[in-house]
Amino acid sequence: MQPNYRRCVSCRQVGPKAEFWRVVRAYPDGTVRVGEGMGRSAYLCPQADCLRQAQKKSRLGRALKVNVPEEIYQRLWHQLEESKAKFGAIASPPPVPKV
Ligand SMILES: [Zn+2]
């Protein structure tokens, strides 16, 4: 695997670290956080399918060896909705100006 590449805990797809959500079991208090903190990390594609699977099969919890609170999943769902709203508006690319 290339440096700075990570693997999604749900679909096992590999990609640049920046393209994934990072869920962290923060050191030293062991709380689960999204996108911040130092500690054991698990990565997940920002996609409904992967999130649903991670939640259903406790993939994040298994990867982090900790019980992932429901609110973490809620937060990720919310984040997904927000990014959809943001990118939905620019789903169709602007027309290329003709020379
Ligand atoms: Zn995935």
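S10 touches L44, C50, Q53, A54 and R59, leaving aside residues up to four places away in sequence; contact here means heavy atoms within 4.5 Å. The model is predicted, so local features need pLDDT of at least 70 and side-chain atom pairs count only at pLDDT 80 or more, while totals for chains, interfaces and linings use all residues. Residues are numbered from 1 along each chain as its sequence is written, and side-chain values use heavy atoms, with hydrogens and water left out.

S10 sits in the loop between β1 (5–7) and β2 (14–16). Helices (H or I, at least four residues) and strands (E, at least two) are DSSP runs, numbered from the N terminus. S10 counts as buried because its relative accessibility is 5%; buried means under 20% relative accessible area, exposed over 50%, and partly exposed in between (1.4 Å probe, protein chains only). A polar atom of the S10 side chain lies 2.8 Å from the backbone oxygen of C50, and a polar atom of that side chain lies 3.3 Å from the backbone nitrogen of A54.

C50 leads on to the metal site. The zinc ion has as its protein donors C8 (SG), C11 (SG), C45 (SG) and C50 (SG), at 2.2 to 2.3 Å. Donors are N, O and S atoms within 2.8 Å of the metal (3.2 Å for Na, K and Ca); water is not among the atoms, so sites may look incomplete. Along the chain the donors follow the spacing C-x2-C-x33-C-x4-C. The arrangement is tetrahedral because the four donor atoms subtend angles of 102 to 118° around the zinc ion, four donors counting as tetrahedral if all angles lie between 85 and 135 degrees.

An α-helix has 3.6 residues a turn, so residues three or four places apart point the same way. Just after α1, S58 takes a positive phi of about 50°.

Further along, K65 lies in the loop between α2 (59–64) and α3 (70–88). K65 is exposed, with a relative accessible area of 61%. K65 touches R25 and R40, again not counting residues up to four places away in sequence.

How values were computed:
A polar contact is a pair of N or O atoms within 3.5 Å; within protein, one must be able to donate a hydrogen and the other to accept it, and residues adjacent in sequence count only if both atoms are side-chain atoms. Four donors count as tetrahedral if all angles lie between 85 and 135 degrees; four count as square planar and six as octahedral if opposite donors are over 155 degrees apart and all others between 65 and 115; anything else is irregular.
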